[in-house]
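Colleague: Could you walk me through this model? Start with whatever terms I need.

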Amino acid sequence: MTIRNLDFLLRPRSVAVIGASDRARSVGAALMRNLLRGGFRGAVWPVNPRRASVAGLRAFPDVTGLPEAPDLAILASPAATLSDIVRALGERGTRAAVVVTSVPQRPQDAAALRRSLLDAARPHSLRILGPGSMGLVVPSLGLDASFAAAPAQCGGIAFVSQSGALTSAALDRAASRNIGFSCVASVGEAIDVDAADIIDYLGSDPATRAVLLYLESVQNGRKFLSAARAASRGKPVIVLKSGRTRAGAQAAMRHTGSDPGDDAVFDAVVRRAGMLRVDTVADLFAVAETLTRARSLEGERLTILTNAGGPGVIATDALAGAGGELAVLDAPTRARLRTLLPESSMPVNPVDLGSDADARRYGASLQALLEAPRRDSTLVIHAPSGAADAREVAEACARAAGDRAHNLLACWMGGDGAFGAAQPLRDAGIAVYETPEAAVQAFLHTVEHRRNQETLRQAPPSIMADFVPDEATARRLLRQALSQGRGQATAEETRALLGAYGIALGVPPGEGADGARGRAHGRRSRALELTLRVAPDPVFGLFVRLDRADAVGRGAAAVGLLPLDHSLAADTIARAGLADRDVLVLMLARVSQLVVDHEALRELEIDLQLVDEAGAVALDARARFAPASAWGGERLAIRPYPKELEQTIELDGRPMLLRPIKPEDASAYARFIQATQAPDFRLRFFTLVRSLPARDLARHTQIDYHREMAFVATAPDGPDAGEIAGEVRAFVYPGGTTAEFAILVRSDAKRRGLGRALLSKMIDYCTTSGLAELIGQILPENEAMIALARRCGMQVEVAPGASVAVAHLDLRSAGPQT
């Protein structure tokens, strides 16, 4: 994971265009036209050895002749010249380049160009977007470093695409619909900067309210998932991925040269990352508007308010057809509506205001619904009517909405006139749609996004708290088989392996699966037939697939990304069309635990699992394994909660639990921050503002254990159980060798040795993780922290007049702290 030098790419102060031209319809001319049209406020330097000027600006013959090193270079020169130009830029001091030139058609020539570009760039840490990129646009800077036809307006949506053509088409579509962007980036072949890098950067960009993605394939599953999970915690991330069908996957492979992967696995990735997947380009932008305007959902049902029965029925059909549910109006709300509705209307959902409904009736009825105690969503539909002006109705509804807590959507039917009439609703932050079906679909997207966000917050433990497996037996069995050069367990070994994790294999010795199946059906006529399979995905690692069979063959299937806890296992079972059966949830969670615990275990199949009220029996199973060194990719794309890092220490005669932070610590972490006195807060965060926005609070508690670690100190029991007394965290820099730490002890918990215990634990963790150095920035006046760092073996440099002191520890020579 790296965002190193992406500031030069996405926030440049100067731009050089290599291959700039005045030749009509050339890429070099389009780049210059767009840069000047966008009004970029920095320097623009065209480079063309055969021209004295380009687009009215002085041209330079080569990179060495530029006035200074450009922050960003746009390369539109022939493929054969690219590597030398990148090398010259790197030597000059440039740290980012966009290569719009496409690679050669011959695979061997294309591969050679990719290697040579990277070889030229890496010694200088120069980041490359492309080759084959359409360019990038940052409207707030006036930066249009692309050859797209349509300009981009300034706004809060970021669009990252693996297709240049789709990027250009999206810009055209957005321009006609008044949609603005914070950033548009076409990654091209992504030999260096890829979609994950840009997602990671945009996740902390305050100008970006939502991130839209178009993907055809993912190269590094762990990197992509890590970036997506981090960004999704603060803003909606909406993805359109092609290759859902076999034909589409083959077309995507021909286009990108990469396997798009198992689409069901990618769906599971989207859920675990808290993203939302859509099916069309139009949905990308519609859903972005929906999610950025939506209020927090507390319920998943919908109330419909309309002035016409037909649109209400259409909306209800769309909702029910997709598995949605109408809200039930409570008695006080029904009584209130009776005083507002015409005699011909009943106070039921959908609420029909009547064709003569005016702005006053709309406003009062909507207010009644929004003041109901339940926190479900409300959809207001207005069909053109001579009884009321559509804009006046919109104004009345906007006033009624006020500072609403409910999620509110609107549908203003009637074409262009209705679009303008609904503007007061948009001004009030309410999303407006043209049809009832589109509005209902938007509501369903918010529900799905909320569910995926809940999944994102799950942090399955690496060790199940309520279950102690016989790990030693399982490890002995796998080690024995590997030592014999075998890749598959025998039937008895498989029985013992599953048994070590509390999973009974019900095939008696000497009896085949068919016989056992017949006996099982004789005992349990209501049993279901299931197949559970754990297998590796080449991009995203291990996943579990659950299939149920019915009388005519295969039925519903569901895929879950490992690891799973009980909640995630229950979700996977529900997606297979099964009720939440405790016994199956437990079995699925234990299978996940088994596979997570043993790196050699590569595949596991449990066939004809019979499940009913009486329990579950695994009738047949097979286990396959391979040495850890034989894995071609990441085994687990998501690192489980590292329960093994929990440690109980004693301070002042009282136990204190040091453990990794969890997503559910958010409330306790907020109280921890509030209990920290302002001077201590300033020494930790370098600011006088003693508060963290909700988005930052989530980022502090919902971390990716792959790229950062945070240990908190809590009381394990008593009145303060779960309250945080101190924390230390370390974020791993790009390159994976250096981490930067920060530490904070609650003001009333200081001078007890807690800071020393926390910092020592972090040093030990970073050392065992293989990092080379640990650094920290300390305010010079923070003498206590400087002294603590030195007591832990760190060197601290306090330069005269410097704004910060730098603490440094060489972990390769550091001894154990605890």
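Modeller: Two strands pair if DSSP finds at least two bridges between them. Helices (H or I, at least four residues) and strands (E, at least two) are DSSP runs, numbered from the N terminus. This is a predicted model, where local features need pLDDT of at least 70, side-chain atom pairs count only at pLDDT 80 or more, and totals for chains, interfaces and linings use all residues. Residues are numbered from 1 along each chain as its sequence is written, and side-chain values use heavy atoms, with hydrogens and water left out.

Colleague: Which order do the strands of the open sheet take?

Modeller: The order is β2-β1-β5-β6-β7, five strands with parallel pairing. β2 (43-47) and β7 (127-129) are the edge strands; each has a single partner strand, so one side of each lacks a neighbour in the sheet. From one strand to the next the twist averages 20 degrees. Angles run from 0 to 180 degrees between N-to-C directions, and axes are lines fitted to C-alpha atoms, for helices over the stretch in contact.

Colleague: How many bridges join β6 and β7?

Modeller: Three, in the parallel sense, with β6 covering residues 96-99. V98 has L129 in β7 as its bridge partner.

Colleague: And which strands does helix α3 touch?

Modeller: α3 (residues 82-92) packs on the sheet and touches β1, β5, β6 and β7, with its direction at about 170 degrees to that of β5. Contact means heavy atoms within 4.5 Å. Helix α2 (residues 27-38) lies across β1 (14-18), β2 and β5 (72-75), and runs at about 160 degrees to β1.

Colleague: New topic. At what angle do α9 and α17 pack?

Modeller: About 80 degrees, with the axes of α9 (residues 263-272) and α17 (residues 436-456) 7 Å apart. That makes α9 roughly perpendicular to α17. Angles under 35 degrees count as roughly parallel, over 145 as roughly antiparallel, 65 to 115 as roughly perpendicular and the rest as oblique.

Colleague: Which residues meet there?

Modeller: V270, R271 and R272 of α9 meet N452, T455 and L456 of α17.

Colleague: What about α12 and α13?

Modeller: α12 (residues 331-338) packs on α13 (residues 359-370) at about 170 degrees, with the axes 10 Å apart. α12 is therefore roughly antiparallel to α13. T333, R336 and L337 of α12 make the contact with S365, Q367, A368 and L369 of α13.

Colleague: Where does pLDDT stay under 50?

Modeller: Over residues 507-513, for which the model has 12 contacts beyond four places in sequence. pLDDT is the predictor's confidence in each residue, from 0 to 100. The protein averages 89, and 92% of the residues score at least 70.
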